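Hi everyone, thanks for making time this morning. I'd like to walk you through one model, so please have a look at it before I start talking.

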Amino acid sequence: MSVFTTPARRGTPPAATGGARSGVLPWLAVPALAIFVAFGVIPLVGVLFLSFTSWDGLGEIHMSGLTSWRAVLADPGLVHAVLVTFLVMAVSWAVQTPASILIGVFLAGHQRYRTLLAVLYFVPLLLSSAAIAIAYKALLDPNFGLGAGLGIDLLTQDWLGEPVLAFSVVIFVVSWQFIPFHSLIYQGGVRQIPRSLYEAAEMDGAGRVRKFFSITLPQLKYTIITSSTLMVVGSLTFFDLIFVLTVGGPGDATRVLALDMWKRGFQAGLMGPASVIAVILVLVGLVLALLLRRLGGRDANASQMEGA
Amino acid sequence: MGLTHTTGPGRTVAAEQEPGRRRSRPGDRRRSRPGAERPNWLGGITSWLWLAIVIVPIYWIVITSFKAQSSYYATNPLAPPPEPTLANYKMVIESDFPLYFLNSLIVTVGAVVPAVAVSFMAAYAIVRGGSFRFLRGVNALFLMGLAIPLQATIIPVYLIIIRLRLYDSLTGLILPSIAFAVPLSVLILSNFIRDVPKELFESMRMDGASEWMTLWRLAYPLTRPAVVTVTIYNALTIWNGFLLPLILTQSADKRTLPLALWTFQGQYSVNVPAVLASVVLTTLPILFLYVIGRRQLLSGLTAGFTK
C-alpha cells in the first residue's frame, strides 16, 4: 500500500550534473547499498539457491537438486494458488478501478467536501491489515457480528466459511482499504487535465458523458497505469490480510501464492518447495512490473505531482 | 447525499473544472455556460455511499469498544453504548500491550531514522553523481527492488537472521525493515532533490562547501517536506508490519503490536468489545502521527515557498 504514486517507470537515469564530480559522492550511497544488498539482494539470490535444497527451517540444509521444483510443479495446489492469486488481482482491480475513477472525478470537482472526504477517506490507510482483518472478522461473525446483532438474515451468513463468500469478503476488505487511496490518486489526475480541452468540447456541444469518455478517461491514461500498477503489484502482498482473515480457507479458496509459500515453509517445514513458490512469486512480480512499464511507455510527467 | 446538489448547475460546472488555484479567472466564464450540466449524480452517490461504507465499520469498532461484554449482545450493535465503559481498554492494557507498544516504537524508530538517513544520502549521491557509473548501477538496483514483492525473500531473510543470531530480537526486525524501506525512499527523495535548482548547488560549490555540507545545508532543508512524507510513509509501513514479526520472532515479549493484536484476538475471540478495543488502541499512535504529520507537511511546504 504505497502512499506514493511515482511508479518504477520514472527510472530514467539521473541527469548528469556536469562538473560536480566529487569523489565523496559514491561513498554516500554505500550505507544504503550495503543494507539493501544484505537483506534484499542476497535473499533474492538465496531464495533461488534454497529452491534447490531441502531444509526444514531448523536443521541442516541439504542440496537436493530439482526435487522441490518437481514436487511443486507436479502439485495441482500450485495451479490453484496461481489461479487464486490472479483472480484476486483481476477482481480487485476490476472492482476498485471504476469506483476509484468515479469518486476521483467527483472529488476533483467539489471544493467544499474535498477536504472532509479526503481526511476521512484516508483513515483505512492508517490501519494495519492485521487490525482491519481482525475487525472484519468480528464484524462478520455469524453469531456475534453486526448481522446477528441487527437481526438481518442477509447479513447473517457464514461469510468466511463458504468459499465464494470468503473470496468476496477478501475482495471487499481490499476495496475498503484501498479504494479511498486510489480515488485520491484519480482526483489528482483529473485536476491536471487542462481546462481548455473541456472548453473546446463544450463548444462542440459535448455532454457530460461524452466529455468523460472523450477527454477525462483518455487524459487519465497514465494515472490509470500508475494506479493499476500499484493495485496489481500490491495484490501480491495481501498476505497479512488473508492470513488473519481466512488463513487461505475455507479449504484453499483464498490460498494465494504468498500464503501457499508460508504454509509450505513455515507450517509444513518444507523450505525447499516454499522457496520454489517464492521464486515464482518474484517472477510474477517482475513480469507484471515489466508489462505495466511497457504499457506506460517512457513517460515521466503523468504522475509527478500527485503523490506529493 | 442530497448535499451534492445544493449548488446551482452553473456553479457545479465551474467548480468541477476549475481547481482552486485557477479561481482567479474571470467569472463570466462560468456564466457563459448556463445550465449546460446537471450534477454528477453517479459520482456523488458513489462518493457518499463509499464514505458511508468506510465510516460505518469504523464507527462500529469505536462504539463497540466502549461496550461491556454483557451489553454487547443485548443492545443494537449500531447504537452508542448505554453505559460506556473503559473495562475493555483496561483489559487490553493489562495484557502487556504497553510492552508491545514499546517494541513497536523501538522497531519503528530504530528502522525509520536510519532508513531515511541512508536513503537521503544515497538519493543525493545518485542525483549529484550521475556521471559515476557506480551510482547509476546503484539506482538501477533500487529500481529493480521496487518490483519485487517483499514476502518472496522472507525465507532467506529468516535464514540470514538465524545465522546472525538475531532471531527473536528487535534488531532482527529492524535490519530487514531498513532494507525494505530503502528502494522506495530513494526513488521519492531523489525525485525531489532533482527539483532543486542546479545553480544553488553550483553556488554552494563556489563557496567551497563540501558535498556533505551541501547535503545538509542545502538539499535537506529544501526537500524537508519530502523527507517528512517519506518518514511518515515508512513509519506507517513498519508500525503496521505483520510478516516480519510473525516469522522472525517467537517469544511473547518480542511481539510488536500487529502480531500482539492477532494473538490477542486468538485468545479472546468471543470477547468482541475487548478485541475491538485492542484494534482502536493500536491505531491511536498512527492517528496521532497522521494529525501531526499533516500539519508539518503543510508548514514544510509553505516554508519552502517563503524562503
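Let's start with residues 100–127 of chain B: the span is 100% helix and 0% strand, and its end C-alpha atoms lie 39 Å apart. Do keep in mind that this is a predicted model. Now compare residues 139–161 of chain B, where the end C-alpha atoms are 26 Å apart and the span is 70% helix and 0% strand. Both stretches come from the UniProt annotation "transmembrane region", an unreviewed entry, which also covers residues 40–62, 173–193, 226–248 and 268–292 of chain B.

Next, helix H7 of chain B, residues 133–146. Its 14 residues reach 20 Å from first C-alpha to last, close to the 20 Å expected at 1.5 Å a residue. Which residues of H7(B) are buried? They are B:Leu135, B:Val138, B:Asn139, B:Phe142 and B:Gly145. Looking down the axis of H7(B), the buried residues fall within an arc of 115°, so they line one face of the helix. Turned away from that buried side, H7(B) carries the exposed residues B:Arg133, B:Gly137 and B:Ala140.

And what do the buried residues of H7(B) pack against? In chain A, helix H1 (25–28) and helix H2 (30–50); in chain B, helix H6 (97–128) and helix H9 (170–193).

That brings us to the contact between the chains, which takes 89 residues from chain A and 97 from chain B. On the chain B side, helix H3 (residues 41–65) gives the most, with 14 residues. That side of chain B divides into 64 nonpolar, 23 polar and 10 charged residues. Happy to take questions!

Notes:
Residues numbered from 1 in each chain as written. Chains lettered and ligands numbered in written order. Predicted model: local features only at pLDDT ≥ 70, side-chain atom pairs only at ≥ 80, totals over all residues. Contact = placed C-beta atoms within 7 Å. Helix = DSSP H or I, 4+ residues; strand = E, 2+ residues; numbered from the N terminus. Nonpolar A, V, L, I, M, F, W, Y, C, P; charged D, E, K, R; others polar. UniProt positions renumbered as here; feature names shortened; annotations may be inferred. Expected span 1.5 Å × (residues − 1). Buried ≥ 20, exposed ≤ 12 C-beta atoms within 10 Å, placed from the backbone. Arc of directions from axis to C-beta.
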